[in-house]
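Dear colleague,

My notes on what was found in it follow directly after.

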Amino acid sequence: MSMLNVFQIAASALTAQSMRLNAVASNLANVDSAHSSTGEGYKAKQVVFEAVPVAVGAGYAQGVRVKEVVEDKAPARQVYDPTHPLADAKGYVSYPNVDAVEEMVNMISASRSYQTNAEMMSTAKELTQRTLALLQS
(Lines give C-alpha, C1' and ligand atoms only; values in the text may rest on other atoms or scores of the structure.)
Protein backbone atom coordinates (compact mmCIF):
# COMPACT_ATOMS: atom_id res chain seq x y z
CA MET A 1 0.00 0.00 0.00
CA SER A 2 1.37 3.36 -0.95
CA MET A 3 1.45 6.35 1.37
CA LEU A 4 -1.07 8.04 -0.93
CA ASN A 5 -3.58 5.31 -0.04
CA VAL A 6 -3.05 6.05 3.67
CA PHE A 7 -3.90 9.69 3.10
CA GLN A 8 -6.95 8.77 1.01
CA ILE A 9 -8.24 6.39 3.69
CA ALA A 10 -7.80 8.96 6.44
CA ALA A 11 -9.35 11.73 4.33
CA SER A 12 -12.40 9.60 3.56
CA ALA A 13 -12.85 8.88 7.27
CA LEU A 14 -12.51 12.59 8.13
CA THR A 15 -15.21 13.48 5.62
CA ALA A 16 -17.54 10.72 6.85
CA GLN A 17 -17.09 11.60 10.52
CA SER A 18 -17.64 15.26 9.74
CA MET A 19 -21.04 14.43 8.23
CA ARG A 20 -21.83 12.28 11.28
CA LEU A 21 -20.99 15.22 13.56
CA ASN A 22 -23.27 17.47 11.49
CA ALA A 23 -26.15 14.99 11.91
CA VAL A 24 -25.54 14.82 15.67
CA ALA A 25 -25.48 18.62 15.92
CA SER A 26 -28.74 18.83 14.01
CA ASN A 27 -30.34 16.23 16.27
CA LEU A 28 -29.20 17.98 19.44
CA ALA A 29 -30.34 21.37 18.15
CA ASN A 30 -33.85 20.02 17.66
CA VAL A 31 -34.17 17.87 20.79
CA ASP A 32 -36.65 20.25 22.44
CA SER A 33 -38.51 21.56 19.40
CA ALA A 34 -42.13 20.75 20.13
CA HIS A 35 -44.66 20.22 17.39
CA SER A 36 -48.32 19.44 17.27
CA SER A 37 -49.29 15.78 17.34
CA THR A 38 -50.97 16.08 13.94
CA GLY A 39 -48.09 17.82 12.16
CA GLU A 40 -44.81 16.32 11.03
CA GLY A 41 -42.02 17.40 13.32
CA TYR A 42 -38.31 16.85 13.28
CA LYS A 43 -37.09 13.23 13.20
CA ALA A 44 -33.66 12.10 14.35
CA LYS A 45 -31.16 11.58 11.53
CA GLN A 46 -28.60 8.78 11.44
CA VAL A 47 -25.65 8.52 9.04
CA VAL A 48 -24.98 5.15 7.38
CA PHE A 49 -21.42 4.41 6.23
CA GLU A 50 -20.13 1.97 3.63
CA ALA A 51 -16.64 0.76 2.77
CA VAL A 52 -15.26 1.71 -0.64
CA PRO A 53 -11.95 0.88 -2.34
CA VAL A 54 -9.58 3.82 -2.31
CA ALA A 55 -8.14 3.15 -5.76
CA VAL A 56 -8.04 0.57 -8.51
CA GLY A 57 -5.29 -1.94 -7.78
CA ALA A 58 -4.99 -0.83 -4.16
CA GLY A 59 -5.59 -4.36 -2.91
CA TYR A 60 -7.64 -4.55 0.25
CA ALA A 61 -7.22 -0.87 1.07
CA GLN A 62 -10.65 0.58 1.67
CA GLY A 63 -11.89 3.92 2.79
CA VAL A 64 -15.33 4.88 3.97
CA ARG A 65 -18.07 7.10 2.64
CA VAL A 66 -21.55 8.13 3.66
CA LYS A 67 -24.01 5.80 1.99
CA GLU A 68 -27.10 7.66 3.14
CA VAL A 69 -28.65 9.74 5.88
CA VAL A 70 -31.79 8.08 7.21
CA GLU A 71 -34.51 9.28 9.54
CA ASP A 72 -35.06 7.30 12.70
CA LYS A 73 -38.43 5.55 12.55
CA ALA A 74 -39.01 5.64 16.31
CA PRO A 75 -42.23 7.41 17.31
CA ALA A 76 -42.20 10.97 18.57
CA ARG A 77 -41.65 11.45 22.29
CA GLN A 78 -44.93 12.36 24.02
CA VAL A 79 -44.83 14.63 27.06
CA TYR A 80 -47.89 15.43 29.16
CA ASP A 81 -48.24 19.21 29.40
CA PRO A 82 -51.86 20.36 29.02
CA THR A 83 -50.85 24.04 29.36
CA HIS A 84 -48.61 23.95 26.28
CA PRO A 85 -50.13 25.69 23.22
CA LEU A 86 -49.30 22.68 21.01
CA ALA A 87 -50.86 20.11 23.35
CA ASP A 88 -53.42 17.78 21.82
CA ALA A 89 -56.90 17.11 23.22
CA LYS A 90 -55.43 14.68 25.80
CA GLY A 91 -52.80 17.20 26.93
CA TYR A 92 -49.75 15.61 25.25
CA VAL A 93 -47.12 17.50 23.28
CA SER A 94 -45.01 15.73 20.64
CA TYR A 95 -41.26 16.18 20.69
CA PRO A 96 -38.69 14.77 18.23
CA ASN A 97 -37.56 11.17 18.71
CA VAL A 98 -34.06 12.35 19.64
CA ASP A 99 -32.36 10.74 22.63
CA ALA A 100 -29.93 13.39 23.94
CA VAL A 101 -27.77 10.85 25.79
CA GLU A 102 -27.42 8.65 22.69
CA GLU A 103 -26.55 11.71 20.61
CA MET A 104 -23.86 12.75 23.09
CA VAL A 105 -22.34 9.26 22.87
CA ASN A 106 -22.45 9.50 19.06
CA MET A 107 -20.79 12.90 19.21
CA ILE A 108 -17.96 11.66 21.44
CA SER A 109 -17.45 8.60 19.24
CA ALA A 110 -17.40 10.66 16.04
CA SER A 111 -15.06 13.29 17.45
CA ARG A 112 -12.62 10.64 18.74
CA SER A 113 -12.66 8.92 15.36
CA TYR A 114 -12.09 12.27 13.64
CA GLN A 115 -9.17 13.02 15.97
CA THR A 116 -7.64 9.58 15.44
CA ASN A 117 -7.74 9.93 11.65
CA ALA A 118 -6.25 13.43 11.83
CA GLU A 119 -3.40 12.04 13.95
CA MET A 120 -2.94 9.20 11.46
CA MET A 121 -2.53 11.74 8.65
CA SER A 122 -0.05 13.70 10.74
CA THR A 123 1.96 10.55 11.50
CA ALA A 124 1.96 9.50 7.82
CA LYS A 125 3.14 12.98 6.85
CA GLU A 126 5.95 12.86 9.40
CA LEU A 127 6.96 9.37 8.23
CA THR A 128 7.07 10.58 4.64
CA GLN A 129 9.18 13.61 5.58
CA ARG A 130 11.65 11.46 7.53
CA THR A 131 11.92 9.02 4.65
CA LEU A 132 12.67 11.87 2.24
CA ALA A 133 15.27 13.25 4.66
CA LEU A 134 16.98 9.85 4.78
CA LEU A 135 17.07 9.71 0.99
CA GLN A 136 18.69 13.18 0.81
CA SER A 137 21.57 12.27 3.11
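What are the helix and strand percentages over residues 90-134, and how many Å apart are the end C-alpha atoms? Over that stretch the chain is 78% helix and 9% strand, and the end C-alpha atoms are 76 Å apart. Helices and strands here are DSSP runs numbered from the N terminus, with at least four residues (H or I) for a helix and at least two (E) for a strand.

Please note that this is a predicted model, in which local features need pLDDT of at least 70 and side-chain atom pairs count only at pLDDT 80 or more, while totals for chains, interfaces and linings use all residues. Residues are numbered from 1 along each chain as its sequence is written, and side-chain values use heavy atoms, with hydrogens and water left out.

Annotated regions

Residues 90-134 carry the UniProt annotation "domain: Flagellar basal-body/hook protein C-terminal", from an unreviewed entry. A further UniProt feature, "domain: Flagellar basal body rod protein N-terminal" (unreviewed entry), is placed at residues 7-32. UniProt positions are given in the numbering used here, feature names are shortened, and annotations may be inferred rather than shown by experiment. Over residues 7-32 the chain is 88% helix and 0% strand, with the end C-alpha atoms 39 Å apart.

Helix H1 and Arg-20

The 27 residues of H1 should span 39 Å at 1.5 Å a residue, and the distance between its end C-alpha atoms, 39 Å, agrees with this. The expected span is 1.5 Å times one less than the number of residues. Among the buried residues of H1 are Ile-9, Leu-14, Arg-20 and Val-24; buried means under 20% relative accessible area, exposed over 50%, and partly exposed in between (1.4 Å probe, protein chains only). The buried residues of H1 pack against S1, S2 and H2.

Not counting residues up to four places away in sequence, Arg-20 touches Val-47, Phe-49, Asn-106, Ser-109 and Ala-110, where contact means heavy atoms within 4.5 Å.

Salt bridges

The count comes to three salt bridges, each defined as a side-chain nitrogen of Lys or Arg within 4 Å of a carboxyl oxygen of Asp or Glu. Lys-45 forms a salt bridge with Glu-71, the closest N and O atoms being 4.0 Å apart. This pair links distant parts of the chain, with Lys-45 in strand S1 and Glu-71 in strand S2, 26 residues apart. Lys-45 is partly exposed at 26% relative accessible area, and Glu-71 is partly exposed at 44%.

Glu-50 forms a salt bridge with Arg-65, with 2.7 Å between the closest N and O atoms. Here too distant parts of the chain are linked, Glu-50 lying in strand S1 and Arg-65 in strand S2, 15 residues apart. Glu-50 is partly exposed at 24% relative accessibility, and Arg-65 is partly exposed at 46%.

Glu-126 and Arg-130 meet in a salt bridge at 2.9 Å, N to O. Both residues lie in helix H2 (residues 100-136), four residues apart, about one turn of the helix. Glu-126 is partly exposed, at 38%, whereas Arg-130 is exposed, at 56%.

Tyrosines and a loop glycine

The count comes to one aromatic pair. Tyr-80 and Tyr-92 form this pair, which is edge-to-face, at 5.3 Å centre to centre and 65 degrees between the planes. Tyr-80 in strand S3 (residues 77-80) and Tyr-92 in strand S4 (residues 92-95) are twelve residues apart, and the pair links distant parts of the chain. Rings of Phe, Tyr and Trp (its six-membered ring) pair if their centres lie within 6.5 Å; planes under 30 degrees apart count as stacked, over 60 as edge-to-face and the rest as tilted. Tyr-80 is exposed at 53% relative accessibility, and Tyr-92 is partly exposed at 36%.

Tyr-95, in strand S4, is buried at 13% relative accessibility. Gly-59 lies in the loop between strand S1 (45-53) and strand S2 (62-71), and is exposed at 65%.

Yours sincerely
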